[in-house]
Amino acid sequence: MKLQQNIVYLTGGSIISLLLGIIITIIIPAQDPAALGPSPLARPYTEQELWGREIYKREGCQYCHTQQVRAPEANLGMIHKKGDIGPESAPGDYYYQSPVFWGTNRQGPDLAHVASREGIGDNPAWHQLHFKNPRATTPGSVMPSFDYLSAAELEALTAYMLTLK
Amino acid sequence: MLSTEPGSASRRFFYSAIFWLIVPGMMGLILATLLYLPAIYDPLPLAIKPYLSFGRLRPTHVNLMIFGWLSQAYVGGILFILPRITRAKLFSERLAHVNWWLWNLMMLGVLITLPLGLTQGREYAEMIWPLDLLLIANWVLLAVNIWGTFRRREEPKVYVSLWSFMAATIVFIGVYAVGNKVWDPSGAFTGMNDNIVNYFYVHNLFNSWFTTAGLGLALYLLPKLTDKPLYSHRLGLWGLWSVWTGQHHQLYSPAPDWLEYLTIVFSILAVVPTIAFMVNFFMTMRGRWYRAAEDVALRFLVTGALFWAITCVQGVAQSFRTFSLYVHFTNWVIGHSHLAFVADYSFWAFALIYLMIPVLVRRPMYSRKLMEWHYWLTTAGMSIFMVALWIGGLIQGQNWLTNSIPFIETVRSMAPYFALRLIGGLMAGAGVLCFAYNVWQTTRQPTAVPVLSPVVAPGGGGGGE
């Protein structure tokens, strides 16, 4: 029987290919020692910060903001001033996170180290104002205003932002 | 509700697919408007603001498009093709109707939950747990129908499309179950692994479902619309998977370097199935190009295949670290994903519907002129849309790496490209409305005239029944 007519081989082959894909690209990388423990930047979240993460997820912040700094842009990339994108992200930075918000698109800046940006990202009052009226703090921003969030929600979201050091 | 009339389930899947094309299509236009004119969102009443917020609308748009429109159009096509390439009745038309009800229940669930903010928050995997289970159930029902029809086939030869459908459904069930961690209601792993699993799933959603089943559909349409046997069946098999390439979405990320290198190698190897399909495609088209001028369905198929070639070239280029460094995170990627989903797979779906609807409703297409409008508006609109985002993305990527331009300036510089994208999107949207109106009017025509039911002999070629 010709190969292209043998459904057992063809289907079996595809399933083996899938299983190998799972083993090689999921199971083996999961054993990476770098991801098995927290980095100095990672710490367990408080209840309020966890709630803030939930709000971040619910409002879809991750569709426009990444949380990963790539090696070539680390300490070099520019948000407000040179280098303030922060250091390269390490696997251990995400140790306590589920889900992670690595993101794929930057309509807004990377937030991996937003709380290290002096006078802006490290300032709770700035975050509150920015959530409610992004174009007041950042003219030209395309971010939607989150003035529909309650005061407690805004505080939780801010608390989460401040963990991103 | 659960008709046993042959073709009735296929017809229903096409109708609901078109419905789920228009709803998220309008959402897409809202999203494009919000990026160009973000301030128009500010004065909206607080009561409706959450549901129109960009971050909630974007995943709704994406999920409805891929699972509501494109997947349902695929299923309509698969159910139509199955009896014809096996020379047997569909395993169960009733089951296909149950499948249709559950599928649309799932899409209704997406339409309600995602704007409410009920989400798992992982790209393409946002559906909450009950909807995950419903999705698995839907694909299992589809697989039962495909495998059941295969088992009762009268045709000894297994046409390459049949195998594609059989394998695509079962492999995709595995990909979805692992990628969405369906055994856990939270649906998320912890730390770096969460992202690795997410992108294994995202990439294989394309590979195992949209590409494999899509090539199966295209390899049925091609001999059918050209009245010529497929150039090579063996080459058709090279449309195999590259299930190992998912992590090329994460170059320079915190994921292990060896994993990135491995996926780069496999992404380059993905050139092989691409070339195999294109050789097959061009050799089959030889001497039939003139037909694309007359036949809008064939023209959609051909245009989609050419866009598919560009997708694959871009895909390989993007999986190199040097190129990825510039375009990743920029609007280029949004252009690329619309190239894959709209300009190729959706174009093939349009070809399917233009070929199959007249057979299923036993009436010729209502208006040839509207088909032309659909083709030209969609093709021109999407071209403007994508080229604008590619250029904008390259500028963004370059500016980010100069380290002398504040980020907000790179946001402001996107305005003209966002404007062009909106214009392109409006054109494509107008084309889709021509399409939907045309199909609707076709079904409403009073006289049912017999339309020859197309059959593809497993050796290829066409001809009436």
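Predicted model: local features only at pLDDT ≥ 70, side-chain atom pairs only at ≥ 80, totals over all residues.

Helix 1 of chain B covers residues 8-36 and helix 3 of chain B covers residues 54-86; their axes come within 8 Å and cross at roughly 155°. Angles over 145 degrees count as roughly antiparallel, and therefore helix 1 of chain B is described as roughly antiparallel to helix 3 of chain B. The residues that form their contact comprise 21 nonpolar, 8 polar and 1 charged.

Helix 3 of chain B has a further partner. Its axis and that of helix 4 of chain B are 10 Å apart, and the two helices pack at an angle of about 170°. By the reasoning used above, this angle makes helix 3 of chain B roughly antiparallel to helix 4 of chain B. From helix 3 of chain B, the contact draws on Thr60(B), Asn63(B), Leu64(B), Phe67(B), Gly68(B), Gln72(B) and Leu79(B). From helix 4 of chain B come Ala96(B), Trp103(B), Met107(B), Val110(B) and Leu111(B). Sorted by class, the contact of helix 3 with helix 4 of chain B holds 8 nonpolar and 4 polar residues, and no charged ones.

The loop that joins helix 3 of chain B to helix 4 (93-113) of chain B is the place of Arg87(B). Although Arg87(B) is a residue other than glycine, its phi is positive, near 55°. Arg87(B) counts as partly exposed because it has 14 C-beta neighbours inside 10 Å. Tyr252(B) is placed in the loop between helix 8 (233-237) and helix 9 (257-269) of chain B. With 20 other C-beta atoms within 10 Å, Tyr252(B) is buried.

Ala213(B) belongs to helix 7 of chain B, residues 192-226. Ala213(B) and Ser71(B) are separated by 142 residues in sequence, yet their C-alpha atoms are 9.7 Å apart in space. Ala213(B) is classed as buried because 26 other C-beta atoms lie within 10 Å. Leaving aside residues up to four places away in sequence, Ala213(B) touches Tyr74(B), Ile78(B), Ser164(B), Phe165(B) and Ala168(B).

The assignment divides chain B into domain 1 (12-227) and domain 2 (288-452). Their C-alpha centres lie 18 Å apart, and the contact between these domains takes 28 residues from domain 1 and 30 residues from domain 2. On the domain 1 side, helix 1, helix 3 and helix 7 of chain B are the elements that give two or more residues. Helix 1 of chain B contributes the largest share of that side, 11 residues. The domain 1 side as a whole divides into 21 nonpolar, 6 polar and 1 charged residues.

Chain B also meets chain A. Here the contact takes 60 residues from chain A and 70 residues from chain B. On the chain A side, helix 1 (7-27) and helix 2 (47-58) of chain A each supply at least two residues. The largest share of the chain A side, 12 residues, is that of helix 1 of chain A. By class, the side of chain A that touches chain B has 29 nonpolar, 22 polar and 9 charged residues.

Finally, chain A has its own division into domain 1 (1-31) and domain 2 (40-161). The centres of these two domains, taken over C-alpha atoms, are separated by 39 Å. One backbone detail of chain A deserves mention: Ser98(A) and Pro99(A) are joined by a cis peptide bond, with omega about -10°. Pro99(A) sits in the loop between helix 2 and helix 3 of chain A.

How values were computed:
Residues numbered from 1 in each chain as written. Chains lettered and ligands numbered in written order. Contact = placed C-beta atoms within 7 Å. Helix = DSSP H or I, 4+ residues; strand = E, 2+ residues; numbered from the N terminus. Nonpolar A, V, L, I, M, F, W, Y, C, P; charged D, E, K, R; others polar. Axes fitted to C-alpha atoms, helices over the stretch in contact; angles between N-to-C directions. Parallel < 35°, antiparallel > 145°, perpendicular 65-115°, else oblique. Buried ≥ 20, exposed ≤ 12 C-beta atoms within 10 Å, placed from the backbone. Domains from an automatic or database assignment.
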